[in-house]
Amino acid sequence: MKNSILTIVLCFLFQMVAAQSFIPTIKNNTALHYVCKLHGQTRTLTLTTKINNDNLVLDLDTRGVKSNIIIAQEGLKNGNALSFNQGETSDVIVLKPTETFFMISQSAYQELLKNNKFIYNNTTYVLDDKVDGNPVAIDGKTINALHVVAQIDETEMWIVKNPDFPLICKMTKNPLGINFTLVKIVD
């Protein structure tokens, strides 16, 4: 009898926790609000999505700097490098076909699911399947994300469990001094 009650209580608790986590989706005009730590400075950054058959455009807005970051379909599918462009060089920035911005490619995401690791910017990131003591939460709901750690340094990323758009919802300990956290999503 005690085991049955314990099982019911644990199932109830699991349902409560599961109900509090979510997987963000991206649609046309989804606004992704981040807080960025750039070389000791704190900035807010908004990325507004525009999706079409040829590419994904992220309208970047931070401290009066506005740029259109264009990610090609090839980058979304098979990219292997993050661009850390801050939008200050041009109004329109077309990334290389190997680059993504604030997300990893779909193939890197599949590699992570299959082999518990992926390579980006010539760095191997390994899945950390330990209980995450530092999850990303928006409006009291924890984002359902995969936590990875770089093998060459201490960079950590939390990647949304979304095979179509595997957003990086948090990056810490980046040796480039560029760290960020997703704090709000507006559809």
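**Ground rules.** I number residues from 1 along each chain as its sequence is written, and because the model is predicted, local features need pLDDT of at least 70, side-chain atom pairs count only at pLDDT 80 or more, and totals for chains, interfaces and linings use all residues. Side-chain values use heavy atoms, with hydrogens and water left out.

I took strands as DSSP runs of E, at least two residues, numbered from the N terminus, and I called two strands paired if DSSP finds at least two bridges between them. I looked up β2 (residues 31-38) and found it antiparallel to β3 (residues 41-51), with eight bridges joining them. V35 sits opposite T44 in β3. The two strands make a hairpin with two residues between them, and H39 in that turn has a positive phi of about 50°.

I then followed β3 onward. It pairs with β4 (residues 55-62) over six bridges, again in the antiparallel sense. T49 has L58 in β4 as its bridge partner. Three residues make the link in the hairpin from β3 to β4.

β1 runs parallel to β12 (residues 141-143) over two bridges, and F22 is partnered with I143 in β12.

Points are joined across faces, edges and corners, and a volume is the space filled by probe spheres set on them. I got one cavity of 30 Å³ or more. The largest cavity holds about 180 Å³. Its lining has 17 residues, with L45, N85, Q86, F102 and I178 nearest the centre. β2, β3, β4, β15 (168-172) and β16 (178-186) each give two or more residues to that lining.

A pocket is an open set of points with protein on both sides within 12 Å along at least five of seven lines. I looked at the second largest pocket, which has a volume of about 170 Å³. Its lining includes L82, F84, N121, D153 and M171.

Conventions:
Helix = DSSP H or I, 4+ residues; strand = E, 2+ residues; numbered from the N terminus. 1 Å grid on protein atoms, 1.4 Å probe; cavity = no way out; pocket = protein on both sides within 12 Å on 5 of 7 lines; lining within 4 Å.
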